[in-house]
Amino acid sequence: MTQNSNKSLSTDLHYLQLLSQSFPTIADASTEIINLEAIMNLPKGTEHFMADLHGESEAFLHILKNASGNIKRKVNELFGNNIRESEKKELCTLIYYPEQKLELVKATETELDDWYHITIHQLVKVARDVSSKYTRSKVRKSLPPDFAYIIEELLHERTEDNNKTAYVNVIVDTIITTGRADDFICALCFVIQRLSIDQLHLLGDIFDRGPGAHIIMDTLRQYNSWDIQWGNHDVLWMGACSGNKACICNVLRLSLRYANMATLEEGYGINLLPLATFAMEVYGEDPCLEFMPRLLKGQQMDEKTLLLTARMHKAITVLQFKEEARIIKRHPEWEMTDRCLLDKVDYQHQLCTIDGHAYPMKSCTFPTINPDNPDELTSEEQLLMDRLTHSFAVSEKLQKHIRTLLSHGCMYAIYNANLLFHASIPLNADGTLKEVLLYDNKYSGKQLLEKTGQMIRTAFTADSAPEERAYARDYFLYLWCGPDSPLFDKSKMATFERYFLIDKETYKEAKGYYFLLRDQPDVCDRILDAFGVQGPQRHIINGHVPVHVAKGENPIKAGGRLMVIDGGFSEAYHQETGIAGYTLVYHSRGFQLVQHEPFTSASDAVLRGTDIKSTTQIVEMSAHRMLVADTDKGRELRSQVSDLKELLYAYRHGLLKEKRS
């Protein structure tokens, strides 16, 4: 070793002493080096990217179960023409929904033991294939405790080995004769699902529109390896959870707009009775035509419920405009006072003046508004807001889910030369990074997203300074609809205009420069450089704005540097986008974009074996099969190997002594 190396080793001797506690002997350190070098030569694990789920829990769960069609592809590759297409479909359905499918099989199968025997061998074959990318140690951690030993034996012993044929067959026979076949099959199916996705990346917007955001969050809390880059709808719910009253109103308004009270009432126990009572008392004579909920396919409401929902919708919307104006006026530095439109209404002549132009209104029935002080809440409104705020604050499940988002999430992430964020990086007209005011300083690019993430956490940190925590709580509104918010990045959110103004020209929301310039390779390169993303095959991946496939829009932009994977999971977007969402799959051979058609239902999938119809588009393939060594994890492992080699040198040259037991 050189003189410089000796000097470096002397400097790091304290670190090596700490490392020696984990690897107390030459043998221990050598074994770990061998292990890490071997891991680096395994194929890269499969990453899945999803965005803008918007509460569509059934579609999300199905795609998670089928790994964006990856399991179906593996079944086709493994069994080819050896079994019929119908049998392959049945096997896939069993892997996705084992408990439900087993009930159907047992009701119709006459030779059940024979079916068990064949099926278990088929499932073992699939499990063996999906586990082949991982070390035995990693696979072992994924196995259910009840069957860990048996599954591990079956994964590593084959009937093709004549010496082990009887051994393997007896294991399977005994599972059946002891009445554990159903439990074993379920366990094996869940192992296949789990090992088919190494890392799940969610690019924001779990909440709003669809009915099952709470189900998605419950699933993620049990999931093995995932991360999230927060979206504007996630941050809206965070703000509501933190006590931001404008965010609470927005959450309720969106739920009522889509007639989706399930997440609020059933998922989180939010009490909507005070809002319903208030709406009936105040708006009981108002037809509330502009506030009729948007019923999605399959939704039904009787006329009475429809009218009540519309009145609740209007009541919370008026409250929203009041609460938003109060926050905006507290922060003139946001330059959003032009959005305080209740101030700009001529209530007598039913006109609203915007930018010097007076626009006629669809309706102007506001029984709770004092024209001299439009932002003022009536005593009944104040009581209602206090009750709603309390309901959000004491929802244990909601608080738990928001803490989960905080622990697994951030504003951006970088994985394997891919920069992930939900919506935007604010830009100037020339494509340079725009400085945005945050509290008392201006930030841009990477620093802006990092400071924003810190601000979000401040709202939930009890030992933060009171004025900082109050500002952070207010700032959720800016993140939701502020013009330079990296989660919004538009000139305005035209909520008031859409509800109340006749002229549709007022509905236009001018997009920020990121959305106008993101198809330019040099702009994407500038952003990637600013975030320190390196490598010849680097990308930006985000969602937020649905890709209009029906109109010919391409999700791959800027010469392949940018991938937009919001294809409209929410049913509310299906007609607009022409599809039902994208998932991006990054495996050892490259990127594949999977375009999904609308999902029917889980029950339909079980009964008829229907799967989501998906089209796979090859985005970018690697010249060679990527190994763990080619990933961020590989760089970590190389660094660990280097440290362990230093430890070996220290042991062998007497700088440290081995600690033999």
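In what order do the three strands of the open sheet stand? The order is β4-β5-β6, and the pairing is antiparallel. Before going on, note that this is a predicted model.

Let me stay with the sheet for a moment. The edges are taken by β4, residues 345–346, and β6, residues 357–360. Each of these has a single partner strand, so one side of each is left without a neighbour in the sheet. Strand β5 covers residues 351–354, and two bridges join β4 to β5.

Next, a pair of helices. Two packed helices are described by the angle between their axes and the distance between the axes. Here the pair is α17, residues 273–283, and α18, residues 303–330. Their axes are 8 Å apart, and the packing angle is about 90°. An angle from 65 to 115 degrees counts as roughly perpendicular, and α17 and α18 are therefore roughly perpendicular to each other.

Which residues meet there? From α17 come Leu-275, Ala-276, Phe-278, Ala-279, Met-280 and Tyr-283. From α18 come Leu-308, Arg-311, Met-312, Lys-314, Ala-315, Ile-316 and Val-318. By type, the residues of this contact are 11 nonpolar, two charged and no polar.

Last, helix α2, which spans residues 13–22. Which of its residues are buried? They are Leu-16, Leu-19 and Ser-20.

Notes:
Residues numbered from 1 in each chain as written. Predicted model: local features only at pLDDT ≥ 70, side-chain atom pairs only at ≥ 80, totals over all residues. Heavy atoms only, no water. Buried < 20%, exposed > 50% of the residue type's maximum accessible area, 1.4 Å probe, protein only. Helix = DSSP H or I, 4+ residues; strand = E, 2+ residues; numbered from the N terminus. Axes fitted to C-alpha atoms, helices over the stretch in contact; angles between N-to-C directions. Parallel < 35°, antiparallel > 145°, perpendicular 65-115°, else oblique. Contact = heavy atoms within 4.5 Å. Nonpolar A, V, L, I, M, F, W, Y, C, P; charged D, E, K, R; others polar. Pairing = 2+ DSSP bridges.
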